[in-house]
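Hi everyone, thanks for coming.

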Amino acid sequence: MKKYMLLFIVFIALNLVGCVKDPQNPNIIIIYTDDLGYGDVSAYGATEISTPNMDFLANHGVQFSQGYASSATCTPSRYALLTGTYPWKEKRARILPGTAPLIIDTAQMTLPKMLKKQGYETAVIGKWHLGLGTGVVDWNTQIKPGPNEVGFDHAYIMAATQDRVPTVYIENGYVDGLDPNDPIEINYDENFDDQPTGKDNPELLSMMWHHGHNNTIVNGVPRIGFMKGGESAKWSDIDMADHFLTKVKNYIKTKKDKPFFLYYGMQQPHVPRTPHPRFVGATSLGPRGDVIAEADWCVGELIKTLEEEGLLENTLIVFSSDNGPVLNDGYYDDAVEKNGNHTAAGVLRGGKYSLYEAGTRVPFMMYWKGKIQPKKSDALVSQLDLFSSLARLTGSDLRADDSVDLLDTFMGNSDMGREDLILEATTRTALRSGDWVMIPPYPGPSVNTKVNIELGSSNSYQLYNLSQDVGQQVNLTDNNPEKLNEMISRFTLIRGEDYKKIKKLELK
Ligand code: NG6
Ligand code: CA
């Protein structure tokens, strides 16, 4: 009897420290916003804008103050999210044109593939931006490989970004609504004969370009890249949020027999910011604020749908952003003029494209009704860690090399975070270790004057202690040479020497 008692006590104890857990198979939804900053959410301190639905997730789930995207731009962060692999290990993981080939190897393990093995149905709805096809894409036949070949049973996507052609939706490899008599042609180098462009035809524009973004005009908005044909398939920018949300709702409503994994890639608040008319003026910040309000409403609709379907208790929701904020990212849209006292980066330095904190430290929360207790966590976590953590949750033995199993932390049962994290911004990398950040010297300008963001590049090393200086104002290299050397050694050990090879910055 005593023996059984002892076994029972050991079992309970192991359970308490989180070592023994029955695998669980809740539905999993990752809501991934595009360019939403650390300070853009009211739960993270925004006062000039209100995000009640994002706040609901933050206040009723685990809200991370030190949650990181893997890069300060979109493609590398998405690559890392779906593979659990650092983006600097894949040279192609940088901002892609709309014609780029798929950068995830179809033989590679991915988050959706891992979850499929655990019995999940998987879907991506929204922004993709990880490339499609293997070379030259013919947009008029089946486009593959793409999301379906890297683990998604269902895919309803925009290929790249809202500011890049092709400006059409693609469903499981086929352009939605394409008229075969009006085929699509895409070229990122040359215009098609006689087509108006943002550069030559400003009179046709409803939104003026500031830098880049002056090629083919769609819906009065000049884009990156040239596109011809596909008239009936072109998206309506102001309806994009509703369009993706409808797809999301329909997907949730029809998936009942198996658990599902849904990767919901919202387009907001990336440029061009095109709020639906019912959100115009929703904030005092102009279109950038208004599309954040629109995105927040979409989050609310998603929660409501889960509730109506009786799925909320059985769905884990992860909310985050692919990189930090930018105000002027290439269009005149009043983002700067109407910003007022809003600080999209919150207390952090830098923004999108930056190696400083605001480039990669983003809103990050996990919500699971009844299973996760409300908590504010200061643990250092990365989106990279979702792969291994969700693997353990669902009973998979698979782990990804760069992905730390932080399930207990994500569930709010532990305060333990990562020890180290390599930060990335436009191919430059830096080290976060404990509370310290070390940025090696990089050539090139310290500020991108077009977007007006400090990039973190400097001729000399930078060392910051975030526990005392979250805004990275005081460079401690001279005061603390031992720490600097320790950080350089650690960085070189994880990262290797090839970070030095970066000659030309990607400052597009
Ligand atoms: C840049 C674009 C920027 C944005 C970014 C990608 C120019 C001048 N700038 O090259 O507007 O599209 O790429 O953003 O073209 S991301 O969030 O998808 O990484
Ligand atoms: Ca982005």
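Let me begin with a question: what makes the arrangement of the six donor atoms around the calcium ion (ligand 2) irregular? Before I answer, please keep in mind that this is a predicted model. The answer is in the angles: the six donor atoms subtend angles of 51 to 173 degrees, and therefore the arrangement counts as irregular. The coordinating residues are Asp34, Asp35, Asp322 and Asn323, with distances of 2.2 to 2.7 Å. Along the chain, the donors follow the spacing D-D-x286-D-N. And where do Asp322 and Asn323 sit, buried or exposed? Asp322 is buried, at 0% relative accessibility, and Asn323 is buried too, with a relative accessible area of 0%.

Now let's look at strand E14, residues 315-321. How many of the seven residues of E14 are buried? The count is seven of the seven, so the strand is largely enclosed by the rest of the structure. If you want to see that face by face, remember that side chains in a regular strand alternate between the two faces of the sheet. In E14, one side carries Thr315, Ile317, Phe319 and Ser321, the other carries Leu316, Val318 and Ser320, and all of these are buried.

What does E14 pair with? With strand E1, residues 27-33, the pairing is parallel and runs over seven bridges. Tyr32 stands opposite Ser320 of E14 there. With strand E16, residues 364-367, E14 pairs in the antiparallel sense over three bridges. In that pairing, Val318 has Met366 of E16 as its bridge partner.

Let's zoom out to the whole sheet. Ten strands make up an open sheet with mixed pairing, and the order is E7-E6-E5-E4-E13-E1-E14-E16-E2-E17. At the edges stand E7 (174-175) and E17 (375-377); each has a single partner strand, so one side of each has no neighbour in the sheet. Further in, E4 and E13 run parallel and are joined by six bridges, and Gly126 stands opposite Gly265 in E13. Two helices pack on this sheet. Helix H3 touches E1, E4 and E13, and its direction makes about 165 degrees with that of E1. Helix H5, residues 240-254, touches E1, E4, E5, E6 and E13, with its direction at about 180 degrees to that of E13.

H3 deserves a slide of its own. This helix spans residues 74-83, and ten of its ten residues are buried. Besides the sheet strands, its buried residues pack against helix H4 (111-117), helix H8 (386-393) and strand E19 (420-425). Just after H3 comes Gly84, which takes a positive phi of about 70 degrees.

One residue of H3 I'd like to point out is Thr83. With a relative accessible area of 3%, Thr83 is buried. Its side chain reaches the backbone nitrogen of Thr85 at 3.2 Å. Leaving out residues up to four places away in sequence, Thr83 touches Ile104, Gln108, Met109, Phe387 and Ala400. Its C-alpha atom is also separated by 4.6 Å from that of Thr110, 27 residues apart along the chain.

We have another sheet to visit. Four strands, in the order E19-E20-E21-E24, form an open sheet with antiparallel pairing. The edge strands here are E19 and E24 (462-465), and each pairs on one side only. On average, neighbouring strands of this sheet are turned by 20 degrees against each other, direction ignored. Helix H10, residues 481-495, lies across E19, E20, E21 and E24, running at about 120 degrees to E20.

Last stop: Ser382, in strand E18, residues 381-382. Which backbone nitrogen does the side chain of Ser382 reach? That of Leu384, at 3.0 Å. Ser382 is buried, with a relative accessible area of 0%. Beyond its neighbours within four places in sequence, Ser382 is in contact with Tyr68, Ser70, Phe364, Phe410, Arg418 and Leu421.

How values were computed
Residues numbered from 1 in each chain as written. Chains lettered and ligands numbered in written order. Predicted model: local features only at pLDDT ≥ 70, side-chain atom pairs only at ≥ 80, totals over all residues. Heavy atoms only, no water. Buried < 20%, exposed > 50% of the residue type's maximum accessible area, 1.4 Å probe, protein only. Polar contact = N/O pair within 3.5 Å; in protein donor to acceptor, adjacent residues only side chain to side chain. Contact = heavy atoms within 4.5 Å. Pairing = 2+ DSSP bridges. Donors = N, O, S within 2.8 Å, 3.2 Å for Na, K, Ca; no water. Tetrahedral: all angles 85-135°; square planar, octahedral: opposite > 155°, others 65-115°. Axes fitted to C-alpha atoms, helices over the stretch in contact; angles between N-to-C directions.
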